[in-house]
Amino acid sequence: MERIVVQGGRRLTGSVRVSGSKNATLALMAGALLADGESRLRNVPRLRDVDAMAQILDALGARVAWAPDDPHTLSIDPRGVHNPEAPYDLVRKMRASFMVLGPLAARFGVARVSEPGGCAIGVRPVDQHVKGLAALGAKVRLEHGIVEASAARLRGGRFSFDLVTVNGTQNVMMAACLAAGETVLENCAREPEVVELAQFLARMGAEISGAGTDRIVVRGVERLRPVALDVCGDRIEAGTLLAAGAITGGQLELTGVDPGHLEATVEKLRAAGCDIDLAHDRLRLRGAELRGVDAVTAPFPGFPTDMQAQLMAVVTKAAGSSVITETVFENRFMHVPELIRLGADIRLSGRAAHVRGVRRLSGAPVMATDLRASASLLIAALAAEGETVVNRVYHIDRGYERIEAKLASLGAAIRREV
Ligand code: EPZ
């Protein structure tokens, strides 16, 4: 079982390029199913989750291939799709694969995708995806754990999400692109990954307006043509690296990401005492004496739930106390017991974590439990005295490409052990 070993105490300094966005990539890969030819995605991160989505598309019959001359370019040709069924053993590994349901139903008239089931951070139902597709005229059945959506042709409709859901917004928006007529979606997610997908679809010939706001209007078209797209930088990886710079009192520059995608994260780290300068595709952070900050996670443009664990790691060593409240998922504090093993002073009370800053953290063996919790442990380990061993690093590899190489390039004493 692979693990990552960190000797804490080094200040991070230097410049690193952020990889392409995992969550944008997963949606774009599903969106490529809508085109009647081969699309190409560039700046794709090499991650376990991307491999899992590629396996799903392959199982459907699409041709998915990495470019021979560029390890970050992926081509997807859905013309071979003959079997619109995404099986449980693949979907359960990566729940974002549920996003193939909308494109398959829209393109091929029928789709069967295993109900993804919950995961470590919560139940994560897909009722909004299903209700949204039904609003477009799909006949949706759930039997034996399989969600089947079928329609001779989807038709435009009006649908208001009961709650803000990123992949739900993306799934229904994709389906609406090939529906007959106009679709109006309300209470949509506003995340940059929704905007990125809408830009990709518009390049294919889709007629979408309002992406990035809570109201999206789609005028259905007959067909969509394949295109190429450079995937935007990963705003959560960027935030994670900034957090690593902050806790080590370092000085680092990040390139390859749009600072406008992580304003709430930047604002929180500034409130914690960091100096952060922004340019159009880079950020510069100078760490300083940290002070406690409060944060409440919320849909974009609020403070992202995907940065909650990482910010908590930063404030474990800040002067004063912090209250970190998780409002999006019901079980996203699994990093807390592990941070306490490193000497953090955290008390949970319902959806809030009360953190009192300590002067020192001390290294210890810890267990990764989910993707962002793992990142939080790495961040704390960088500032802990002595050695920390983070076990079960496959969680980290789901969402961070060669994270130890990036941190080592900034001066961290970090290595992967098989
Ligand atoms: C996306 O998941 C991201 N994943 C998550 O990132 C991120 O944490 C989440 O959005 C919130 O920002 C990808 O884009 C692949 P939601 P998604 O639907 O779309 C409830 C990471 O670490 N809900 O916005 O699945 C749900 O239970 C991952 O990179 C319903 O009740 O999240 C949750 O409480 C983790 N019914 C809330 O909505 C539904 O039909 C928000 O979830 C759908 C969602």
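C232 is buried, with a relative accessible area of 13%. That cysteine is a handy way into this predicted model, where a search turns up zero disulfides.

**Cysteines**

- A disulfide is a covalent bond between the sulfur atoms of two cysteines.
- The structure has zero disulfides, and C177 is accordingly in none, with the nearest cysteine sulfur, that of C188, 12 Å away.
- C177 counts as buried, because its relative accessibility is 0%.
- For C232, the closest cysteine sulfur is the one in C177, and at 18 Å that is too far for a bond.

**Backbone features to look at**

- The peptide bond from F300 to P301 is cis, and its omega is near 10°.
- You will find P301 in the loop between β18 (295–296) and α10 (308–315).
- R392 is not a glycine, yet has a positive phi of about 60°.
- R392 sits in the loop between β25 (387–391) and α13 (394–397), and with a relative accessible area of 35% R392 is partly exposed.
- R402, also not a glycine, has a positive phi of about 50°.

- E2 pairs with R416 in a salt bridge whose closest N and O atoms are 2.5 Å apart.
- E2 lies in the segment before β1 (3–7) and R416 in strand β26 (residues 413–417), so this pair ties together parts that are 414 residues apart in sequence.
- Both partners are partly exposed: E2 has a relative accessible area of 31%, and R416 is at 24%.
- R3 forms a salt bridge with E417, with 2.8 Å between the closest N and O atoms.
- Here strand β1 holds R3 and strand β26 holds E417, so the two tie together parts that are 414 residues apart in sequence.
- R3 is partly exposed, at 31% relative accessible area.
- The side chains of E222 and R153 meet in a salt bridge of 3.2 Å, N to O.
- That pair links the loop between β13 (215–219) and β14 (228–230), where E222 lies, with the loop between β9 (146–150) and β10 (158–160), where R153 lies, 69 residues apart.
- E222 is exposed at 66%, whereas R153 is partly exposed at 37%.

**A charged network**

- Salt bridges link E85, R112, R141, E143 and E148 in a network.

Key:
Residues numbered from 1 in each chain as written. Predicted model: local features only at pLDDT ≥ 70, side-chain atom pairs only at ≥ 80, totals over all residues. Heavy atoms only, no water. Disulfide = S-S within 2.5 Å. Buried < 20%, exposed > 50% of the residue type's maximum accessible area, 1.4 Å probe, protein only. Helix = DSSP H or I, 4+ residues; strand = E, 2+ residues; numbered from the N terminus. Salt bridge = Lys/Arg side-chain N within 4 Å of Asp/Glu carboxyl O.
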